[in-house]
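Please open the structure in your viewer and keep the selection tool at hand. This tour moves from one selection to the next and says what to look for at each stop.

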Amino acid sequence: MRILGTCKIAESGVFVNGLARQFEVNEDWKKDLYASLNIEYPKFYKMDALAKMAFLGVELLESSCNFDDYSENEIALIFANRYSSYDTDQRFIESYTEKGSPGPSLFVYTLPNILTGELAIRKKWYGENIFFINEKFDAQFFIDQINFYFRKGSKACLCGWVDSANNQEECFLFLVENSIDEISIEELIKSYKQ
Amino acid sequence: MSDLKETLKEQIIEQLNLEDLTPADIQNEAPLFGEGLGLDSIDALEFIVLLEQNYNIKISDPSEGKEIFQSVDSLAAYIEKHQ
């Protein structure tokens, strides 16, 4: 397998393939980044933080990776995080404890794997998709999962560690293609920690 | 009526958690569903809650929703008529 591209968004900045983009990750960074990308996709405004981050990460990754090389069911989506949908869960609880009624538009985001659904709808990717809850970013775990989906016939895997809790947001995406090359755990960890 | 429309826009943003939008981003006559704001059937439920909580209006026939929730204009007209 080989890594075709990476995208990292964290407090330290926005990086595509390790190169910093001129962009400040402030409180409104998701809204500002969306505006800077000149995308017309009103559904973006409805998404929760996790889905927005994954959405923006894919748009950035697309500037260096050609997803069109794969048919609609050849890309597997493998995502993970630590805090699941914690932030949205809290907001959903507030909607019925403080605002009087449970909010349906919040409820739909009280599962983290909704973000894979949002990506599938946006990009028309109908391959395998899965979302794991792990204690921390685990490179070996991702490599094992990627190999599993390659064995099942996927040609590429879009992987992501997308997390949001306690005012900490983090988005790391990488696209991996099936090839005879091997990627090392160290290489993946280095990309994640950039 | 224009005050009601502005209030409605603020309530839509609050109720639907569209915190990245401002009332100025919502046009009175623009469709709220489909293209427009990209809302869907889940959001229609939010509109039903919004009308009930803020205007004490209950929509007994859900099939009416399609027409009522078409735009801020149509929502405001419905509220004016039923209050």
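Two residues are in contact when heavy atoms of theirs lie within 4.5 Å. Keep in mind throughout that the model is predicted.

**Stop one: the interface**

Begin by colouring chain A and chain B separately, and then select the residues at which the chains meet: the contact takes 16 residues from chain A and 20 residues from chain B. The size of an interface is often given as the accessible area lost when the parts come together. Here chain A and chain B bury about 1500 Å² between them, and 48% of that area is on carbon and sulfur atoms. Which residues of chain A lose the most area to chain B? They are Y45(A), K46(A) and P104(A), which together account for 37% of what the chain A side buries.

**Stop two: K46(A) and its partners**

Side chains of opposite charge can pair when their charged atoms come close. D40(B) forms a salt bridge with K46(A), and their closest N and O atoms are 3.0 Å apart. This pair crosses between chains, since D40(B) sits in the loop between α1 (2-15) and α2 (41-55) of chain B, while K46(A) sits in the loop between α1 (29-36) and α2 (49-61) of chain A.

K46(A) also forms a salt bridge with D43(B), where the closest N and O atoms are 2.6 Å apart. D43(B) lies in helix α2 of chain B and K46(A) in the loop between α1 and α2 of chain A, so this pair, too, joins two chains.

Is K46(A) buried or exposed? K46(A) is buried, because its relative accessible area is 10%, which is under the 20% limit. D43(B) is likewise buried, with a relative accessible area of 1%, whereas D40(B), at 27% relative accessibility, counts as partly exposed.

**Stop three: K99(A) and E14(B)**

Next select K99(A) and E14(B), whose side chains meet in a salt bridge with 3.5 Å from N to O. K99(A) is in the loop between α3 (86-97) and α4 (104-107) of chain A, and E14(B) is in helix α1 of chain B, which makes this another pair that crosses between chains. K99(A) counts as partly exposed at 47% relative accessibility, and E14(B) counts as partly exposed at 47% as well.

Across the interface of chain A and chain B there are 5 salt bridges, and over all chains the count comes to 15.

**Stop four: two helix pairs in chain A**

Residues of α1(A) including W29(A) and L33(A) meet residues of α2(A), among them M53(A), F55(A) and L56(A). The residues of this contact divide into 8 nonpolar, no polar and 2 charged.

Finally, select helix α6 (residues 139-151) and helix α7 (residues 185-193) of chain A, which pack at an angle of about 115° with their axes 9 Å apart. The crossing of α6(A) and α7(A) is right-handed. At the contact, A139(A), Q140(A), F142(A) and I143(A) in α6(A) meet I185(A), L188(A) and I189(A) in α7(A), and by class these are 6 nonpolar, 1 polar and no charged residues.

Key
Residues numbered from 1 in each chain as written. Chains lettered and ligands numbered in written order. Predicted model: local features only at pLDDT ≥ 70, side-chain atom pairs only at ≥ 80, totals over all residues. Heavy atoms only, no water. Salt bridge = Lys/Arg side-chain N within 4 Å of Asp/Glu carboxyl O. Helix = DSSP H or I, 4+ residues; strand = E, 2+ residues; numbered from the N terminus. Buried < 20%, exposed > 50% of the residue type's maximum accessible area, 1.4 Å probe, protein only. Nonpolar A, V, L, I, M, F, W, Y, C, P; charged D, E, K, R; others polar. Buried area = accessible area lost by both parts, 1.4 Å probe. Axes fitted to C-alpha atoms, helices over the stretch in contact; angles between N-to-C directions. Left-handed = near helix turned anticlockwise from the far one by under 90°.
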